Amino acid sequence: MKTKQIISKGLIYVLLIIISMIAVIPFLWMLSASLKLNKDVFTYPIQWIPQQFVWSNYITIWKKIPLLTFILNTLKLTVIVTALQLITSCLAAYAFAKIEFKGRDFLFIFYVSTIAVPWQVYMIPQYLMVQKFGLVDTHLSLIILQAFSAFGVFLMRQFYINIPRELSESAKVDGLGEFGIFSRIMLPLVKPGMATLVIFTFVTIWNDFMGPLIYINSTGKKTIQLGLRLFITQFSADYSSIMAAALVTLIPVIIVFLSLQKYFVEGVATSGIKG
């Protein structure tokens, strides 16, 4: 029996390693292409290690387009929206999970069901509303529209539900109010959920293309995704520089994921299983 378990685990690990290698191959090709001369990018068979490392590709991309401006704009939007979603989702999820009030379950189901509504359905009415408020071509429009997340509320509620009610009842006996229970007891216990939400939100906002495309017109306010599109439009044949620019934009996402990886894995493993 133990031999079968060892063999099955070994096969699973081998399969996971193969899948991981397949997933990493495109990124390795991007890295290789970004360090080549443009004429060598599509050579066949693929030359994974360039004969000549062209580090200048990572210098020229900053000169061809205002890449730093695009990165700072994206970082600004991503940090603000992630912080707002974390605050609003944690507070709303706590109310839906731990506070008894009339119509709570119906309101929660109604709010979460909005996840099923395609964005294309309300895209035009949303734009008209933003236009009437005079927020087109401003970062504030994107911040307001993305500050609340039904998915974030659903995710955090699953973590709150798994916390025994006895903890909050004991805290009430000790004189803590709802906000005290939320800040001193609940938040420290849902760090995996918060880390998971931060990663999902950060990656989503950082990679958002349609939102900035619709609401942002000025070059100085564009995000990194629009900047890459502008770069490809102007230098469509300069593939090595395009790959270099794409890799540079991945760095913040990789840093955030690696920083929160421990909590993220724990959060994915526990969210949605109970409750």
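Helix H3 (67-98), helix H10 (191-206) and helix H12 (224-234) each contribute at least two residues to the lining of the largest cavity. Helices here (H or I, at least four residues) are DSSP runs, numbered from the N terminus, as are strands (E, at least two). The structure is a predicted model, in which local features need pLDDT of at least 70 and side-chain atom pairs count only at pLDDT 80 or more, while totals for chains, interfaces and linings use all residues. Residues are numbered from 1 along each chain as its sequence is written, and side-chain values use heavy atoms, with hydrogens and water left out.

The empty spaces come first. Rolling a probe the size of a water molecule over the atoms shows where empty space is left. On a 1 Å grid over the protein atoms alone, a cavity is a set of points where a 1.4 Å probe fits but cannot get out, whereas a pocket is an open set with protein on both sides within 12 Å along at least five of seven lines; lining residues have an atom within 4 Å of a point. Grid points are joined across faces, edges and corners, and a volume is the space filled by probe spheres set on the points.

One cavity of 30 Å³ or more is present in the structure, and the largest cavity holds about 70 Å³ of space. Its lining includes Thr74, Leu77, Leu142 and Gln146, together with Ile205, Trp206 and Asp208. Pro212, Thr223, Ile224 and Gln225 also belong to this lining. By class, six of the lining residues are nonpolar, four are polar and one is charged. In this division Ala, Val, Leu, Ile, Met, Phe, Trp, Tyr, Cys and Pro count as nonpolar, Asp, Glu, Lys and Arg as charged, and the others, Gly among them, as polar.

The largest pocket contains about 950 Å³ of space. Its lining is made up of 26 residues, of which Trp119, Tyr122, Leu145, Gln146 and Phe148 lie nearest the centre of the pocket. Helix H5 (119-132), helix H6 (139-145), H7, H10 and helix H11 (210-215) each supply at least two of the lining residues. H10 provides the largest share, five residues. The lining of this pocket divides into 16 nonpolar, nine polar and one charged residues.

The second largest pocket has about 200 Å³ of space and is lined by Phe27, Leu250, Val253, Ile254 and Phe257. Helix H13 (residues 239-270) gives the most to this lining, with four residues. The lining has five nonpolar residues, with no polar and no charged ones.

Two of the helices that line the largest pocket, H7 and H10, can now be followed in turn. H10 has 16 residues and spans 22 Å from its first C-alpha to its last, close to the 22 Å expected at 1.5 Å a residue. The expected span of a helix is 1.5 Å times one less than its number of residues. Because 12 of the 16 residues of H10 are buried, this helix is largely enclosed by the rest of the structure. Buried means under 20% relative accessible area, exposed over 50%, and partly exposed in between (1.4 Å probe, protein chains only). Among the buried residues of H10 are Pro192, Gly193, Phe202, Ile205 and Trp206.

Helix H7 (residues 150-161) has 12 residues and reaches 16 Å between its first and last C-alpha, close to the 16 Å expected at 1.5 Å a residue. H7 is mostly covered, with nine of its 12 residues buried; Arg157, Gln158 and Phe159 are among them.

The last topic is charge pairing. Side chains of opposite charge can pair when their charged atoms come close. A salt bridge is a side-chain nitrogen of Lys or Arg within 4 Å of a carboxyl oxygen of Asp or Glu, and a search of the whole structure finds two. Arg104, found in helix H4 (residues 104-112), counts as buried at 12% relative accessibility. The side chain of Arg104 meets that of Glu100 in a salt bridge (3.8 Å, N to O), and Glu100 is exposed, with a relative accessible area of 59%. Arg104 also forms a salt bridge with Asp105, the closest N and O atoms being 3.4 Å apart.
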